[in-house]
Amino acid sequence: MWRMIALLTFSALTLSCSGEGSGGNGAPTGATQTTPVAGVNAPTPVTGSDQQAIKDRVTSTIGPLPAGWNEIVFDEVEKRQIRMTLMYANAPANPDQVKNDTYKIAKAALRVLAESGRDSQREMVTVVVNSQISGAGQAGANNMVGSFGTMTYDYTTDQLTFKPAKS
């Protein structure tokens, strides 16, 4: 019995210091690391044509822009991050409208990734939707930007969270 326990303990120590489950230098990291197998839920690289395809599919998933929206700007489309900005034509009625609008856009992006065979949570993809209005300031200065809030997908909790802009 004791020999069996000693053998199992020795085997576990040998595996943890041989590089398996370690940071690659033989020292245990304390957490098991997994390496994706090619073709099995592997992250999909994002090329220029993929970026445009994601933009097009998100835009078509949303459909015609609702009244009050000016455009959706794709600030960044990368393998592990999609950042967009909802540009309003007119100030939204209230924070709930901003929350619902940014939720709709973030949800569309997550749906497009899922339909493409991507797993946003497993691949640690961040989706961020900012909301803004641009125009002239009170003194007539152009390119003034007013921010209304940000919707963020947190892959660690698999949740969308809205944070209103500070007023």
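Predicted model: local features only at pLDDT ≥ 70, side-chain atom pairs only at ≥ 80, totals over all residues.
Q: What makes up the protein, and in which pattern?
A: The protein has three helices and five strands. Along the sequence they follow the pattern α-α-β-β-α-β-β-β.

Q: What share of the residues counts as buried?
A: Of the 167 residues, 25% count as buried. To be counted, a residue must have under 20% relative accessible area.

Q: Why is tyrosine 88 called buried?
A: The cut-off for buried is under 20% relative accessible area. Tyrosine 88 has 3% relative accessibility, so tyrosine 88 counts as buried.

Q: Why is phenylalanine 148 called partly exposed?
A: Partly exposed lies between the buried limit, under 20%, and the exposed limit, over 50%. Phenylalanine 148 has a relative accessible area of 22%, and therefore it is partly exposed.

Q: How many aromatic pairs are there, and what makes the rings of tyrosine 88 and phenylalanine 148 a pair?
A: The count comes to one aromatic pair. The ring centres of tyrosine 88 and phenylalanine 148 are 5.7 Å apart, and the rule asks for centres within 6.5 Å.

Q: Why is this pair called edge-to-face?
A: Planes over 60 degrees apart count as edge-to-face. The planes of tyrosine 88 and phenylalanine 148 stand at 85°, so the pair is edge-to-face.

Q: Why can the pair be said to tie together parts of the protein?
A: Tyrosine 88 lies in strand 2 (residues 81–88) and phenylalanine 148 in strand 4, so the pair ties together parts that are 60 residues apart in sequence.

Q: Why is threonine 157 called partly exposed, and where does it lie?
A: Threonine 157 has 44% relative accessibility, so it counts as partly exposed; the exposed class starts over 50%. Threonine 157 lies in the loop between strand 4 (144–154) and strand 5 (159–164). Threonine 157 and glutamine 121 are 36 residues apart in sequence, with 8.2 Å between their C-alpha atoms.

Q: Why is threonine 59 partly exposed, and where is its place?
A: The relative accessible area of threonine 59 is 38%, so it is partly exposed. Its place is in helix 2 (residues 48–62). Threonine 59 and alanine 109 are 50 residues apart in sequence and 8.8 Å apart in space, C-alpha to C-alpha.

Q: How does the reach of helix 3 compare with what is expected?
A: Helix 3 (residues 95–115) has 21 residues, and its first and last C-alpha atoms are 30 Å apart. This is close to the 30 Å expected at 1.5 Å a residue.

Q: What caps the N-terminal end of helix 3, and what follows the helix?
A: Asparagine 94 caps that end, with a side-chain oxygen 3.0 Å from the backbone nitrogen of aspartate 96. Glycine 117, whose phi is positive, near 85°, follows helix 3.

Q: Which residues in the largest nonpolar core touch the most other members?
A: The core has 26 residues, and those that touch the most other members are Val58, Ile62, Trp69, Ile72, Met84, Ile105 and Val127. Helix 3 gives the most to this core, with eight residues.

Q: What does valine 127 touch?
A: Leaving out residues up to four places away in sequence, valine 127 touches Ile82, Met84, Ala106, Ala109, Leu110, Met151, Thr152 and Tyr153.

Conventions
Residues numbered from 1 in each chain as written. Heavy atoms only, no water. Helix = DSSP H or I, 4+ residues; strand = E, 2+ residues; numbered from the N terminus. Buried < 20%, exposed > 50% of the residue type's maximum accessible area, 1.4 Å probe, protein only. Expected span 1.5 Å × (residues − 1). Polar contact = N/O pair within 3.5 Å; in protein donor to acceptor, adjacent residues only side chain to side chain. Phe/Tyr/Trp six-rings, centres within 6.5 Å; stacked < 30°, edge-to-face > 60°. Core = buried A, V, L, I, M, F, W, Y, C linked by side-chain atoms within 4.5 Å. Contact = heavy atoms within 4.5 Å.
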